[in-house]
Protein chains: 2
Amino acid sequence: MKPKILYIEDEPYLGKIVKESLESRGFEVRMETDGLAALPAYREFRPQLCLLDVMLPKKDGFAIGQDIRALEPNIPIIYLTAKSQTEDVLKGFRSGGNDYIRKPFSLEELIARIHNLLQLAQGQPGPPRAGASAGEIAIGRYTFNLIRYELRLDGNVQKLSHREAELLRILAEHPNQTVQRRDILQRIWGDDSFFNSRNLDVYIKKLRGYLREDHTVEIITLKGVGYHFSVCP
Amino acid sequence: MKPKILYIEDEPYLGKIVKESLESRGFEVRMETDGLAALPAYREFRPQLCLLDVMLPKKDGFAIGQDIRALEPNIPIIYLTAKSQTEDVLKGFRSGGNDYIRKPFSLEELIARIHNLLQLAQGQPGPPRAGASAGEIAIGRYTFNLIRYELRLDGNVQKLSHREAELLRILAEHPNQTVQRRDILQRIWGDDSFFNSRNLDVYIKKLRGYLREDHTVEIITLKGVGYHFSVCP
DNA sequence: TTGAATTAAGGTTAAATAAGGTTAATGAAT
DNA sequence: ATTCATTAACCTTATTTAACCTTAATTCAA
């Protein structure tokens with residue numbers, strides 16, 4: 001489904017160009033030129049992101065942003081303005097903005113920032129792999145659900161503990177790459193002292209046990225360095 | 001605890017000013033002037049956010065950003081640069097940047113953007129689901145009425161007690177996120193002494209009982225940390 | 001330059017600890 | 001009286017610690 005963007009802009013020429021550009025990049029855009037029409041349009045359209053010009057005749061963009069934020073605390077909002085005073089940028093952030101772009105801006109930059117915010121709002125950074133939906137990672141024939149801490153193969157479900165899941169996640173985020181031991185220790189235990197180090201060994205063993213069914217998946221030890229999560233298709 | 005920021009900047013005068021300003025605003029800052037020192041410093045310092053100058057003599061900020069992103073996929077990264085070409089902004093986002101600030105920048109704006117990103121990175125409360133109106137939260141197939149303390153599934157209504165409702169509310173406000181045990185204890189009981197701690201266990205059990213009907217909803221224990229309210233769609 | 005000896009790194013297992021789960025009884029408030 | 005909240009006792013399990021074993025890397029002698 002195309003991400004929906006609500007765009008409030010009172011300059012019709014600029015607005016038309018931006019709207020068309022965004023549409024050509026795969027967004028569904030609803031534009032309003034009147035600040036007072038923004039909130040009703042929001043309610044009806046239910047966008048994933050709002051792009052608000054600040055300087056509007058009747059109701060300024062900051063006020064609109066605050067209203068929308070009151071309705072939907074987490075929706076990404078980008079303010080768009082000709083003002084270049086720092087004070088306005090600050091006001092933008094205080095009004096609940098997540099980004100603030102000064103006119104004149106480059107369309108490419110605008111699009112990059114939109115993508116960035118939509119991704120941040122989703123919460124998930126890693127590139128999704130085929131065969132696994134959001135919140136899941138494909139690991140060979142397994143599917144690992146990051147939210148429920150479940151490792152599935154065919155019908156079988158293996159519940160993982162928190163530590164097990166953290167470790168598997170780190171490995172799975174770096175398929176066919178070397179992950180340094182101390183980085184894992186830092187991420188899970190916060191330091192890389194001797195005891196935690198032995199602890200990691202224990203969990204590596206557990207994961208190897210869980211992953212035994214699919215021989216294309218392997219945790220390879222690189223002594224003195226770390227681990228290589230090998231996933232050959 | 002103060003948020004830690006790793007700051008890579010090769011201009012010592014500018015760097016000193018920025019570092020001190022950030023410190024005066026409650027951040028703990030580690031600055032490095034050498035691009036090659038960035039990654040080791042990152043490993044040791046484990047910051048919550050990275051502030052990377054792009055134009056560095058030996059290794060540029062984008063390369064550093066990519067390395068750091070490989071270690072920690074979710075850490076917010078801000079690029080800082082004198083370049084004003086759009087192409088560089090795009091490159092910045094492609095390298096996994098979450099924001100991009102052009103020099104000369106205002107310190108206040110920088111700080112506002114840092115706060116903004118730290119907040120975004122903190123918690124992504126999942127997208128509120130359709131079918132629940134104001135004062136109600138959708139929890140999987142359930143609907144939870146915050147005012148009447150009622151948990152509904154299809155026709156059935158389960159009345160919750162005050163404590164039960166408080167706890168469910170805290171969890172439901174953070175779907176698919178980790179909530180620290182001590183935060184819950186603080187919010188409900190005002191402290192986190194041993195006895196209240198056992199008390200929480202009792203209420204968690206009760207909620208699990210109420211939520212048993214929908215298997216996509218689960219309260220996952222993270223031993224020593226807290227709970228993860230998993231709501232898979 | 002081999003190749004045994006040495007050493008460090010990690011594997012394996014099991015025990016200990018701490019954290020939480022479960023259930024029931026007690027106490028407080030309406 | 002009844003409901004809800006707290007306390008308590010006992011049970012289960014994740015995590016840590018520890019001990020001992022295996023294997024890879026390094027060293028140094030022949």
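Q: How far apart do the C-alpha centres of domain 1 of chain A and domain 2 of chain A lie?
A: The model is predicted. Its chain A is divided into domain 1, residues 4-122, and domain 2, residues 162-231. The separation between the C-alpha centres of these two domains is 43 Å.

Q: What percentage of the residues of chain A count as buried?
A: Chain A contains 8 helices and 12 strands. Of its contacts between residues at least 6 apart in sequence, 50% join residues at least 24 apart. Burial here requires 20 or more other C-beta atoms within 10 Å of a residue's own. Among the 233 residues of chain A, the buried share is 32%.

Q: Which element gives the most to the side of chain B that touches chain A?
A: The contact between the chains involves 26 residues of chain A and 27 residues of chain B. On the chain B side, at least two residues each come from α4 (86-94), α5 (107-122) and β11 (217-222). The element that gives the most, with 5 residues, is α5(B).

Q: How do the residues on the side of chain B that touches chain A divide by class?
A: This side of chain B consists of the 27 residues in contact with chain A. By class they are 12 nonpolar, 8 polar and 7 charged.

Q: How many charged residues does the surface near DNA strand D have?
A: DNA strand D is surrounded by 21 residues, the closest being S161(A), H162(A), S161(B), H162(B) and R163(B). The elements giving two or more residues to this surface are α6 (162-172) and α8 (194-210) of chain A, together with α6 (162-172) and α8 (194-210) of chain B. The surface has 4 nonpolar and 8 polar residues, and its charged residues number 9.

Q: Which element gives the most to the surface near DNA strand C?
A: Around DNA strand C there are 21 residues, of which D201(A), T221(A), D201(B), K205(B) and T221(B) are the closest. They divide into 4 nonpolar, 5 polar and 12 charged residues. At least two residues of this surface come from each of α8 of chain A and α8 of chain B. The element that gives the most, with 7 residues, is α8(B).

Key. Residues numbered from 1 in each chain as written. Chains lettered and ligands numbered in written order. Predicted model: local features only at pLDDT ≥ 70, side-chain atom pairs only at ≥ 80, totals over all residues. Near = placed C-beta within 6 Å. Helix = DSSP H or I, 4+ residues; strand = E, 2+ residues; numbered from the N terminus. Nonpolar A, V, L, I, M, F, W, Y, C, P; charged D, E, K, R; others polar. Buried ≥ 20, exposed ≤ 12 C-beta atoms within 10 Å, placed from the backbone. Contact = placed C-beta atoms within 7 Å. Domains from an automatic or database assignment.
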